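Subject: Structure handover

Hello,

Here is the structure for your files. Please load it before reading on.

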Amino acid sequence: MLPPLLIVSISIVAVEVVVGFIGNGFITTANIINCIKGKKTSSADLILIFLSTSRFILQATVLMHIHSLYFADVFKLASVYKDFAAVWMFVNHSSLWFSTWLYVLYCVKIINTTHWLLLQIKCRIAEMVPWLLLGSLVISSMISLPLLWITPDTYLCSSTGNCRENSTADIMDWDSSSLYLLLLYFVGCFFPLVLSVVTSALLITSLWKHRKTMQCYADTFTDAMIDVHLNAIKSIISFLILYLSSFVAQILLILSTSQSKDVVKVAVSLVVVEAYPSMHSIILIIVNSKLKLVFRNLCLHFKCHLEDKPPSPRLERNTFQ
């Protein structure tokens, strides 16, 4: 019988997973349909396809992780656990890199600069995006593959189904493998997180300079660039808050697996970890005008269907345009 707190946390995680599946599935579907229709795919759309797809897989691994902790005996097999850990590490780091490149792209397009390096990147960013995505997949693979040779020994079973009893030696082996897991996790997260922080700092600095320049204009002047800056800053800061919270919670989950299972720690960590891919997908839809328009049109379609009314021709035309 599971503790009540854990049952509550799993219920919350289930809701977050549904929201995340819908949000990330919507982003992927909307962009892929535009590609199928022969419309030009922008660099941001390409990154969003990779990002939402990796998040979709990431949320599936979160569900599998819950099973590995409390339900599914099959995950006690060392071979299965290693494969699962490698997949989780790969999609987690890939997702982080894709998010980082998305905000780097926003930053390069938005800020006004005279620095020669940023000007070169600004001119070539569209050509660089596919290679950046490919490089992210390669780096994530290189970080994840070593997990296939790291075997956590505590409470794992052999392929014949014989489980070893916990012992001091087993615990030491588990602690060693957990150390490697944490090390790979830190290495994979460090550089994209630093890039994200630098990007947010550049956007905030650019916004401050732009507002200072606009002070010479009338107070009633509507400046669209300020709205663009603010949307980008809100998006990247919310991403950093969500991911850093998930980062800490994931470390607590890794430690709780290698040591005694603290119910409160596991319950809270599961909710926080799953909030990152779910909530960020909603934020991406809100700040992206094209995705927001498609989502609004789909809601109107659904409303017409519930009221048994045919959608207007204009609504039919505008959906997925």
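The notes below cover one salt bridge, the aromatic rings and one threonine.

This is a predicted model, so local features need pLDDT of at least 70 and side-chain atom pairs pLDDT 80 or more, while totals for chains, interfaces and linings use all residues. Residues are numbered from 1 along each chain as its sequence is written, and side-chain values use heavy atoms, without hydrogens or water.

Salt bridge. The count is 1 (side-chain nitrogen of Lys or Arg within 4 Å of a carboxyl oxygen of Asp or Glu). Asp45 and Lys290 form it, at 2.6 Å from N to O. Asp45 sits in helix α2 and Lys290 in helix α8, 245 residues apart. Helices here are DSSP runs of H or I, at least four residues, numbered from the N terminus. Asp45 is buried at 6% relative accessible area; Lys290 is partly exposed at 29%. Buried means under 20%, exposed over 50%, partly exposed in between (1.4 Å probe, protein chains only).

Aromatics. There are 14 pairs (ring centres within 6.5 Å, six-membered ring for Trp; planes under 30 degrees apart are stacked, over 60 edge-to-face, the rest tilted). Tyr243 and Phe247 are a tilted pair, with centres 6.5 Å apart and planes at 35 degrees. Tyr243 and Tyr276 are edge-to-face, at 4.9 Å and 80 degrees. That pair ties helix α6 to helix α7.

Threonine. Thr199 lies in helix α5 and is buried at 4%. Its contacts (heavy atoms within 4.5 Å) include Tyr103 and Ile236.

Best wishes

Technical notes:
Helices (H or I, at least four residues) and strands (E, at least two) are DSSP runs, numbered from the N terminus. Lists of a residue's contacts leave out its neighbours within four places in sequence.
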